[in-house]
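Here is a friendly briefing to read alongside the structure.

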Amino acid sequence: MSVAYVRETPAEALPPPSTAVGAIGWLRANLFNGWFNTILTLVGFYLVYIIVVPFLEFAIFDAVWTGENREACIGPEVGACWPFVWAKFGQFMYGTYPDPQRWRVDLVAVMFIASMVPLAIPGVPYKRWNAIFFFAIFPVLAFILLVGGFLGLELVETARWGGLLVTIVVSYVGIVASLPLGVLLALGRRSKLPIIKTFSVVFIEFWRGVPLITVLFMSSVMLPLFLPDGVSFDKLLRALIGIALFSSAYMAEVIRGGLQAIPKGQYEAGQAVGLGYWQSMRLIILPQALKLVIPGIVNSFISLLKDTSLVLIIGIFDLLGIIQRNFTDANWATPVTSHTGYLFAGLIFWMLCFGMSRYSIFMERRLDTSRR
Amino acid sequence: MTNKFLPWLVAAALGVAATAAQADTLADVKAKGFLQCGANTGLLGFGSPDDKGEWKGFDVDFCRAIAVAIFNDPTKVKFTPLTAKERFTALQSGEVDVLVRNTTWTLSRDSQMGLIFAGVNYYDGQGFMVRKSLGISSALELSGASVCVQTGTTTELNLADYFRANGMQFNPVVFEKSDEVVQAYDAGRCDAFTTDASGLYAERLKLTNPADHMVLPEIISKEPLGPVVRQGDDKWLTIVKWTHYVMLNAEEAGVTSANVEQMKTSDNPDIKRMLGTEGTFGEPMGLTNDWGANVIAKVGNYGEVFDRNVGPETPLGISRGLNALWTKGGLQYGPPVR
C-alpha cells in the first residue's frame, strides 16, 4: 500500500499577518487594542495636542527672544518674553548679591558640584573623605565665602541673597540637617528610655502639627516681639532653623517606618554577636532601614525643595520670590511677563526635582541587593 | 571671663544686630552708620528692583532722602523687604528704623499699634479705568456700566457706596483674585475696572494695549500713604516728617537737584533757610544745617522724585492729581522752614 502523497518536509512558515508585526502591529497591540483602548488613545492624543501645541507656540514659536525693555514684548500675539529672563538672569541666580562678589557664590557652587558628583557616583573612590568634606568642611567653607566679614572678604548680608542661591542654601541646610536629626528622633521615638521617648514624641508631633507657613510666620513675625528690644536674629537664619526642625520631624517618621520594617531577628542577631546599641544600629539596623525608605526620604527632600518657595511670604526672595518681585519692574511690565517668569521658575524646579527623583531610582536599584 | 566673652560669642555666632534700648533712633542710626528702611517686597513704581537689582521707586527714594538728611549719602540705607503682615512687627521690634511701604494712614494704626505716621507722601484712592473707545471722561457717566472688581475688599464696598450716593446703576463683575479682575477687564467682560489709582496705572501696563485705556479723574476713597515711625521718639519723627516737607518746599520754590547750587546764593530768605545758608535749622534736629540742600542735591525735590518714578514720562504715567502742590490744586503742602 502506498500513499499517494506524503509531504516529506514541513511547509515554510508564512510570515505573520502585516497587522501583527512592525509599526502597525505595535500600534494595534499597544494603542488600538480593542474599542475601549482606541478611544483612550484618541483622547490621550487630543489632550497632548491641546496642551503641547499652545505650549510650544507660547514658549518657542511666538516667543520674543531679544529686546531691551517691555516695548519688545508688547503686541497682540506675543508669546514668552525671554529678554525679561536674560535681563534679570543674574538676579534670578544670585538675588542682589553684589556684582563684584559673585565669584564667591560661583566658587561655592563649583565646590558643591565637585564634591557632590563624585559622592553620588558609586564607582568613585575615597567616599569617606568625600563625605566628610561635603557634610562637614564644605558647609563651613560655604558659610565663610557666602557671608564674609572676615579674612578680607566683604560682609554680604543675607538680605542681599536671593534667587537660586537661597533656594539651594535652604534646601541644602534642610536636607543635611534633617537626615541626622531625623535618624536620632526616629531612634529616640523607639527608645525604651522614657525621657528620650517622650521628648522625641512631643517634638515630632509638635512640628508635624503645625503648617510650615505658621512656622515661618512665627519665626519672622512673632519671634522678634519676644526678643529683647533691638535684638534681632538674621531673618534667613530664623527661617533655616524653622525649616530644618520642621523637616527633621517628617524625616523621623519616614525613618521610623524603615526601622519598624526590620524583623526583630535582626535586632536580636546584633545582640547575639555582642554588639552594643549604637554598633548594632550603625552596622545592622540603619543600613537596612534607610535602604528600605529611600523613596520616602527622597520624597521628603523633593517636597522640602519645593517648600522652600514658602520663604517668600516672609520677605526672603528664593528663586520664585525674586522672579515674582521682578514682575513689579515697570520696565518689564507686560501681559506675558508673569507667564514667562513662572515658566522659567517651573523649568528650574522641574530640573532639580526630576534629577533628584532619577538619582533616587538609580540608588534604589543599586542597593536592592537582597531581592536580586 | 565667661561673662565678658559670652555676649560677643553669641553676637558673632548668630549675627545679632544689637541696638540701644532707649528711644533715640537718630543716635542709633548714626552709630550703626546706615538707615534700615522697611520697604515693599515689590510694587510697580514705588519700590522694585531694576535690571541690576538696585532698588528704584518712589518710596525707595524717600528712604534715600532720609539717609541723605542724616549722612549726606544716598547709599547709606539698607532695605528690608516686608510683606503686609510683617511690616508693623518689623517696625515695632526695631528691625527697621522707618517704614516707607505704601501704608495707609488710619486712626487705629496711629492709636493702637505704638506707631505714628509722619505725613502723607502719596495720596492714593480708588479710581476707575475704562477703554478710551467708550468716550467718557468722568466716573459720573458710568451709570449702567458693568464694573470688574475684586470681591471681599473695601474696594467693592466703596464702589457700591459711590454708585448709590450718586443715584447710578451698575453691574458688579466680581472675582477672587486681582489678576483675574485684570484679565476679565482686558478680555472685555466689563466696561470699567476699579482698584486703587496707583494700582490701576500699574495694572494698565499688563493689558494687551495699554494705550487704549484711561484712568478717570474721580477718586472715590481716601488712601493716604505715608512713612511710619515708632511712637515715643519725637526727634526722629521730626526728621522723617521734615524730610518730606523740605522736598515739597523745594518744589514750590523751584529748587531742583540741578539748580540747588546756584539757589544757595539766592536772595530769597525762604530758600536760604531751606538750604541752610541762613539760620541754624538743621542743628536742633541733630542734623547739619545744609541737610535740606543735600536732600535736594542728591535725591531731588518732591516733583522730581514723582516724575522720575511714577510720573507721566515713566511707563506708569501717573498724573499728579491730588499729589500736586497746594499751589497747583493738589494736597501736598509743606509748612514753612523758619
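**Briefing: chains A and B**

Chain B and chain A bury about 3100 Å² between them, with carbon and sulfur atoms giving 54% of that area. Please keep in mind that this is a predicted model. The contact brings together 38 residues of chain B and 39 residues of chain A.

**Who contributes on chain B**

- B:Pro49, B:Asp51 and B:Glu86 supply 17% of the area that chain B buries against chain A, more than any other three residues.

- Two salt bridges are counted between chain B and chain A.
- In a salt bridge, the side chain of B:Asp51 meets that of A:Lys88 at 3.3 Å, N to O.
- Eight residue pairs are in polar contact between chain B and chain A, both residues at pLDDT 80 or more.

**Elements and classes on the chain B side**

- The elements giving two or more residues to the side of chain B that touches chain A are β2 (48-49), β4 (77-82) and α4 (87-92) of chain B.
- β4(B) gives the most to this side, with four residues.
- By class, the side of chain B that touches chain A has 15 nonpolar, 15 polar and eight charged residues.

**A helix pair within chain A**

- Helix α3 (residues 82-94) and helix α6 (residues 163-189) of chain A pack at an angle of about 20°, their axes 2 Å apart.
- Because angles under 35 degrees count as roughly parallel, α3(A) is roughly parallel to α6(A).
- A:Gln91, A:Phe92, A:Met93 and A:Tyr94 in α3(A) meet A:Gly163, A:Leu164 and A:Leu165 in α6(A).
- The residues of this contact of α3(A) with α6(A) comprise five nonpolar, two polar and no charged.

Definitions and conventions. Residues numbered from 1 in each chain as written. Chains lettered and ligands numbered in written order. Predicted model: local features only at pLDDT ≥ 70, side-chain atom pairs only at ≥ 80, totals over all residues. Heavy atoms only, no water. Axes fitted to C-alpha atoms, helices over the stretch in contact; angles between N-to-C directions. Parallel < 35°, antiparallel > 145°, perpendicular 65-115°, else oblique. Contact = heavy atoms within 4.5 Å. Nonpolar A, V, L, I, M, F, W, Y, C, P; charged D, E, K, R; others polar. Buried area = accessible area lost by both parts, 1.4 Å probe. Salt bridge = Lys/Arg side-chain N within 4 Å of Asp/Glu carboxyl O. Polar contact = N/O pair within 3.5 Å; in protein donor to acceptor, adjacent residues only side chain to side chain.
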